[in-house]
Amino acid sequence: MASKIRWSLPEGVDELLPPKALQVEKLRRRLIDLYVSSGYQFIIPPLLELSETLGGEAHEELQEYAFTFKDELTGKNLSIRPDISEQASRIDAYRLDSNDTVKLCYVGDVVKRKVSKILRSRATIQAGAEIFGDSSIDADVESINLMIESLQSLGLEGLTLSLGHAGLVSIILERFKGFGESKLRDLESALSRKSVSDINSLLSEGKDQSNRNLLISLCKLYGGEEVIDKARTDLKALGSEAIECLDYLKELIKNLDLDKKVKLHLDLGEIQGFRYHNGVVFSAYIESAGYSLSKGGRYDGLRKLDNEPRPAVGFDLDLLAVVSFTQLDI
Amino acid sequence: MISTEDKLILALPKGRVFEECLPLIQDSKFQLLDDPSATRKILLDTATPEVKVLLIRGWDVPTYVTFGAAHVGIVGKDILLEKSSEEFIELEDLHIGKCRISLAGKKEIIEGRTRLKVATKYPNTAKRFLESLAIQAEIVYLHGSQEIAPLMGLCEAIIDLVDSGKTLKENGLEEIKVIREISSRMIVNKAALKTKNVLIKEIRSTLIS
């Protein structure tokens, strides 16, 4: 028997073989059909971008994730896209340049420089849908419902929808700006781990008690819908802006009209994904996966149109991660 | 990857912390059905059929919980500080497994130093601590018995867990500086906190009662 040639791919990179490759392709088409029939226009942004313009307002953050190398032809730095939603926002602002509502959808390869801690991959297929130019609650509702429908259409059952508000988190973190960048990062990390004891050791007793208590309260505000009412009391000291965030979440839940099969979870202290989110953030889970299957949120102002921050809300999912949980026989 | 739906895996670290955890769960609905000292099983049944206890090394607990292969874990803060890049919720300080992580050496060795060679199994903590004193760390990674390393000329100091301080003394070392107090924490997988919130709440109240 001929000896096998040893073959390897770069770390965090995989190739799809039969029958999985066809399965993924069928689900990819299913998603595009769903988005297009829901009124979203399909776009195919390029795999490569000029590094200097990658990411708009979130340039630095995206640059951290992107593979960057020199273009021998022009001498400029190029980046492989680590995210497509950001490209969609660029297309909305600079190509379509419309003041009306624009809905875009996409499915394509993304590559990240760092290996994802949980999935251990650097290259995957990202699918998503974004709504630009609509700051209404209806757009948020539409985006959340479409995210759930996407996962259901891919054959996922027993979904949990988690909601949070990036605005609320930043109102609290704003109060710690004076501590400097490094301490702020530590506090943010402690909040993302809900580690009350780390917050206590970072913020020594006595000084700034009330702000510390607010941050600790935020760590504990997760669970069912009752969390919103508890937050009204616990976060009262944050003032009307914070209460508005809570009212918004309440109103949003009322408008969602969730499928009874979908469980609702609130996590007010959640810091989710990219820092450019500034309104509602949402994510979906199933019991058998140890990580979120889809994430999204509002990110008004990532791009500007006529110097005005462009409203935006959308979600995306990692198709390769989701496929392994599908119950569909395809 | 979790294959058992509607199940909850509680990962406990073998050794001293496990002994301290046992009284917390015995007499509760999560009491172990097997006698852990008599069985060699790694996955143990509890009085609640949907909850199982996974008995592994403390260093592996954050990894299991980050991936969601275990949903809840108990692990020392010393290990969490090293594994800070893993992603999990650090839900509760259980105030068990108490000790401290300290710098120890033959005599006063941090005054006026710019470099220091330390043996440790906590390279991240060691580096962070020495950097905060503006000392460049030369780390010698050792799996165990750090106390003997200075005497053998491998390094000048060690950074390790200290409980009573007896081991240090017996090996001619002094505890020079306490870096931080350590205790065991209850950690939770990020997704499980959302999908298994009710069961996790029950485990939490059992552990902190």
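A salt bridge here is a side-chain nitrogen of Lys or Arg within 4 Å of a carboxyl oxygen of Asp or Glu. Between domain 1 of chain A and domain 2 of chain A, the count is 0 salt bridges.

## Basis

This is a predicted model, in which local features need pLDDT of at least 70, side-chain atom pairs count only at pLDDT 80 or more, and totals for chains, interfaces and linings use all residues. Side-chain values use heavy atoms, with hydrogens and water left out, residues are numbered from 1 along each chain as its sequence is written, and chains are lettered from A and ligands numbered from 1 in the order in which they are written.

## Domains within chain A

Domain bounds come from an automatic or database domain assignment. For chain A it gives domain 1 (11–157 + 313–330) and domain 2 (159–286). Taken over C-alpha atoms, the centres of domain 1 of chain A and domain 2 of chain A are 26 Å apart. Contact means heavy atoms within 4.5 Å. In chain A, 23 residues of domain 1 are in contact with 20 residues of domain 2.

Buried area is the accessible area (1.4 Å probe) that two parts lose on being put together, summed over both. Domain 1 and domain 2 of chain A bury about 1800 Å² between them, with 73% of it on carbon and sulfur atoms. On the side of domain 1 of chain A, A:E61, A:I137 and A:I144 lose the most area to domain 2 of chain A, together 29% of what that side buries.

The rule finds 2 residue pairs in polar contact across this interface of domain 1 and domain 2 of chain A (both at pLDDT 80 or more). A polar contact is a pair of N or O atoms within 3.5 Å; within protein, one must be able to donate a hydrogen and the other to accept it, and residues adjacent in sequence count only if both atoms are side-chain atoms.

## Chain B against chain A

Between the chains, 25 residues of chain B are in contact with 26 residues of chain A. They bury about 2400 Å², of which carbon and sulfur atoms give 51%. B:F67, B:K194 and B:T195 supply 29% of the area that chain B buries against chain A, more than any other three residues.

The rule finds 7 salt bridges across the interface of chain B and chain A. One of them joins B:E90 and A:R193, with the closest N and O atoms 2.7 Å apart. There are also 10 residue pairs in polar contact between chain B and chain A (both at pLDDT 80 or more).

## Domains within chain B

Chain B is assigned domain 1 (8–97 + 183–208) and domain 2 (99–181). Their centres, taken over C-alpha atoms, are 29 Å apart. Here 10 residues of domain 1 of chain B are in contact with 11 residues of domain 2 of chain B. The two domains of chain B bury about 870 Å² between them, 42% of it on carbon and sulfur atoms. B:D78, B:L81 and B:E82 supply 58% of the area that domain 1 of chain B buries against domain 2 of chain B, more than any other three residues.

The rule finds 1 salt bridge across the interface of domain 1 and domain 2 of chain B. B:R16 forms a salt bridge with B:D163, the closest N and O atoms being 3.5 Å apart. Polar contact links 4 residue pairs across this interface of domain 1 and domain 2 of chain B (both at pLDDT 80 or more).
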